[in-house]
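Notebook open, structure loaded. I want to go through a few helices, strands and charged pairs and jot down what turns up.

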Amino acid sequence: MDIQRLATASRLANINAFHVMELAKQAAELERAGRHIIHMGIGEPDFTAAEPVVRAAEAAMRRGVTQYTGALGIHALREAIAGHYRTAYGLDIPARRVIVTAGASGALLLACAVLVEIGAEVLMPDPSYPCNRHFVAAFDGVAKMIPSGPEARFQLTADQVEANWGEATRGVLLASPSNPTGTSILPGELARILQAVRARNGFAILDEIYQGLSYDAAPVSALSLDDNVVTVNSFSKYFNMTGWRLGWLVVPEALVPAFEKVAQNLFICASAVAQHAALACFTPEALAIYDERKAEFRRRREAIVPALEALGFRVPVKPDGAFYVYADCRGVNHADAANADRLTQSMLHDAGVVFVPGNDFGPYTASDYIRISYATSMANIDEAMTRLGRLFSR
């Protein structure tokens with residue numbers, strides 16, 4: 001019997017496979033064969049949901065609050081998130097501007113569905129989190145990747161926005177702190193970027209999911225600089241709830257109906273149980289736990305950066321947030337030092353350590369840089385550095 005070959009949409013040509021997931025699959029195969037693998041590739045906290053959140057989820061299920069919620073999220077959680085902005089940033093954000101989403105990915109999809117026209121160009125730095133450009137492509141927009149090196153903290157500058165804004169450009173999509181680099185946009189530069197975008201009647205989408213994990217200075221939300229931005233946040237990283245698939249947006253009030261209409265059709269709502277559980281994230285008991293975990297991430301950063309440099313990696317910009325180091329690998333003692341992709345393959349198969357090559361994050365740093373996640377225990381970090389030391393001394 002002939003099997004019908006269905007044609008796929010042409011937009012898939014603009015969406016690449018996620019390299020980190022391919023490495024994770026190879027690592028899983030090695031583990032099934034009995035190898036011990038240290039995972040420092042996927043950006044997922046080794047901490048899981050705090051105990052108060054787990055208890056709140058159990059209570060929610062026992063109360064039977066497992067049905068659909070409104071598309072914008074339950075009112076109590078929207079109020080709690082608004083309260084979080086008052087506490088963390090000193091901002092008075094009305095709860096009606098908060099939209100609860102199915103993770104930060106769902107939030108970014110909604111933002112692109114509402115703001116990205118067919119053929120619209122969206123500026124973002126190279127390197128960037130790969131899914132960001134694919135969210136734009138999913139709605140037939142064009143992600144324009146602008147080379148952004150260590151001299152600019154691997155972030156866009158206002159000068160780059162002005163120089164690269166063309167007739168088709170409609171906005172920018174930025175992340176601060178960034179995945180893969182762990183670097184933030186300095187507040188003064190961010191203010192100039194937003195001013196340049198607003199002068200051109202463009203939109204600005206700011207991914208702020210790692211702001212809770214800012215180590216060297218108090219985080220600054222783009223909302224404190226421009227009320228017209230669309231910000232994205234999540235319960236995945238600072239709140240350690242990756243698999244709960246819960247995030248949020250803060251959008252200009254005039255856009256709330258548009259976001260609600262799209263959310264109703266694409267997602268209906270975020271998980272009801274996750275929403276009720278997340279209310280416990282903002283309790284004093286839970287916040288104390290998150291502060292301790294943040295301090296542990298900072299401790300890991302302080303350990304891993306010099307350890308990587310001792311192995312021959314160069315870290316041109318010390319990460320100030322998230323749990324990533326973006327390191328130039330050309331100085332390590334290995335035959336594949338000039339090719340990050342081949343080097344990460346060798347580190348996986350010869351040392352049992354998973355790092356991610358720069359080719360996931362854009363062409364500019366693809367061959368020379370590697371992303372390292374320190375969202376794992378100090379014991380794993382120490383063992384990984386020992387194994388790589390042996391590999392590079394051969």
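Predicted model: local features only at pLDDT ≥ 70, side-chain atom pairs only at ≥ 80, totals over all residues.

Labels first: helices (H or I, at least four residues) and strands (E, at least two) are DSSP runs, numbered from the N terminus. With that in hand I looked at what follows H7, and it is Asn 201, whose phi is positive, near 55°.

**Entry 1: helix H7**

I stayed with H7, which covers residues 187–199, 13 residues in total. From first C-alpha to last it reaches 18 Å, close to the 18 Å expected at 1.5 Å a residue. Which of its residues are buried? I get Leu 190, Ile 193, Leu 194, Ala 196 and Val 197. Looking down the axis of H7, I find these buried residues within an arc of 160°, so they line one face of the helix. On the other side, Gln 195, Arg 198 and Ala 199 are exposed. I also checked what covers the buried residues, and the cover includes helix H6 (158–164), strand E5 (169–175) and strand E6 (203–207).

**Entry 2**

What does E8 pair with? Strand E2 (residues 98–101) pairs with E8 in the antiparallel sense over 4 bridges, and Val 100 has Trp 248 as its bridge partner.

**Entry 3: the three-stranded sheet**

I then traced an open sheet of 3 strands, in the order E9-E12-E11 with antiparallel pairing. Its edge strands are E9 (324–328) and E11 (356–357), each pairing on one side only. E11 and E12 (residues 369–373) are joined by 2 bridges, and I noted Pro 357 with Ile 370 as bridge partners. Helix H11 (residues 340–351) packs on this sheet and touches E11 and E12, its direction making about 40° with that of E12.

**Entry 4: salt bridges**

How many salt bridges does a search of the whole structure find? It finds 20, and I opened a few.

Arg 97 pairs with Asp 227, the closest N and O atoms being 3.1 Å apart. This links distant parts of the chain: Arg 97 sits in the loop between helix H3 (75–89) and E2, Asp 227 in the loop between E6 and E7, 130 residues apart. Arg 97 is buried at 5% relative accessible area, while Asp 227 is partly exposed at 44%.

Asp 216 meets Arg 301 at 2.9 Å, N to O. Asp 216 is in the loop between E6 and E7 and Arg 301 in helix H10, 85 residues apart. Arg 301 is buried, with a relative accessible area of 2%.

Glu 302 forms a salt bridge with Lys 318, with 3.1 Å between the closest N and O atoms. Glu 302 lies in H10 and Lys 318 in the loop between H10 and E9, so the pair ties together parts 16 residues apart in sequence. Glu 302 is partly exposed at 39% relative accessibility, and Lys 318 is partly exposed at 40%.

I also logged a network of salt bridges linking Asp 46, Glu 296, Arg 299 and Arg 300.

Key. Residues numbered from 1 in each chain as written. Heavy atoms only, no water. Expected span 1.5 Å × (residues − 1). Buried < 20%, exposed > 50% of the residue type's maximum accessible area, 1.4 Å probe, protein only. Arc of directions from axis to C-beta. Contact = heavy atoms within 4.5 Å. Pairing = 2+ DSSP bridges. Axes fitted to C-alpha atoms, helices over the stretch in contact; angles between N-to-C directions. Salt bridge = Lys/Arg side-chain N within 4 Å of Asp/Glu carboxyl O.
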